[in-house]
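Please examine the sequence and the 3D structure shown here before reading the report.

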Amino acid sequence: MPGKPKLYYFNGRGKMESVRWLLAAAGVEFEEEFLETREQYEKLLQDGSLLFQQVPMVEIDGMKMVQTRAILSYIAAKYNLYGKDLKERALIDMYVGGTDDLMGFILMFPFLSAEDKEKQRAFIVQKATSRYFPVYEKVLKDHGHNFLVGNNFSWADVHLLEAILMVEEKKSDVLSGFPQLQAFKARISSIPTIKKFLEPGSQRKPVPDDKYVETVRRVLRMYYDVKAN
C-alpha cells in the first residue's frame, strides 16, 4: 500500500504551492520535508533524487518526480481532475498555461527590492485585469457552466482560484469588474476540499516573508538580485 505523497521544498509557497493546492483539492493527505539548510539540498543532489538538480520534488507512487508541470499533470490525471477526453485535456492545459504565466509574475515578487515591488505590483494587476482575467470571464460567460472545462471540476479551476487569491493579495478589489469570476471564486471556494484547505491550520502557505526569502537564498546560494518585469 503506497504511503502519502511526500513534498520536498521550502516552508513557503514558491513552485510547490500549486502542488499543495491540487493534492488538497483531490482530498489527498501529504507529508512535507522542508529544506532549511544547504546540507539538506546537497544530500538530495548526492542521492540522485533531483533529476535536474532542482526542487520541487515529490515522492509519489514509487517515483521521485521533479518538474512542476509534470508533477501537476500526474496528480491531475491520477485523481480525475484532467478532463474526460483529449479535447478537454487540451483546454485544461491551455487555461493552466495562461494562469501559470500570470503566476510567474508573482513568483519572484518576494525577492524584489522595495522599489521594484511597487512597480511589479502595478504590473501584476495590469496584466491580470487586461490579459488574463478577461479570458476566463468570457469563457465562463459564453458557456454558462460552473467550471472552466466540461462543467466538471478540474485542475484548471483549482489553478485559477489560486491565481485569483494571489492577485487579490496585491489588490483586494481586483475582481470588481469581473462578475463571472467573482461568482466562480465563491463557488470553487465552497467545494469541501478547497474550503478545508483555505481554513487556518491547513498546509496552505502564507504570503512569503523575509525569513522564507533568506532561507531560499541561503540554500540555493542565490547571490544575485532579482529584477522586476
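## Basis of the model

This is a predicted model, in which local features need pLDDT of at least 70 and side-chain atom pairs count only at pLDDT 80 or more, while totals for chains, interfaces and linings use all residues. Residues are numbered from 1 along each chain as its sequence is written, and side-chain values use heavy atoms, with hydrogens and water left out.

## The largest pocket

A pocket is an open set of points on a 1 Å grid over the protein atoms alone, where a 1.4 Å probe fits, with protein on both sides within 12 Å along at least five of seven lines; lining residues have an atom within 4 Å of a point. The largest pocket holds about 870 Å³ of space, a volume being the space filled by probe spheres set on the points, which are joined across faces, edges and corners. Its lining comprises 41 residues, and Tyr-9, Gly-14, Lys-15, Leu-107 and Met-108 are the closest to its centre.

Both domain 1 (6-79 + 198-220) and domain 2 (86-190) contribute at least three residues to this lining; the domain bounds come from an automatic or database domain assignment.

## Phe-184

Phe-184 counts as buried, because its relative accessibility is 0% (buried means under 20% relative accessible area, with a 1.4 Å probe and protein chains only). Phe-184 and Leu-160 are 24 residues apart in sequence, and their C-alpha atoms are 9.5 Å apart in space.

Technical notes: Buried means under 20% relative accessible area, exposed over 50%, partly exposed in between (1.4 Å probe, protein chains only).
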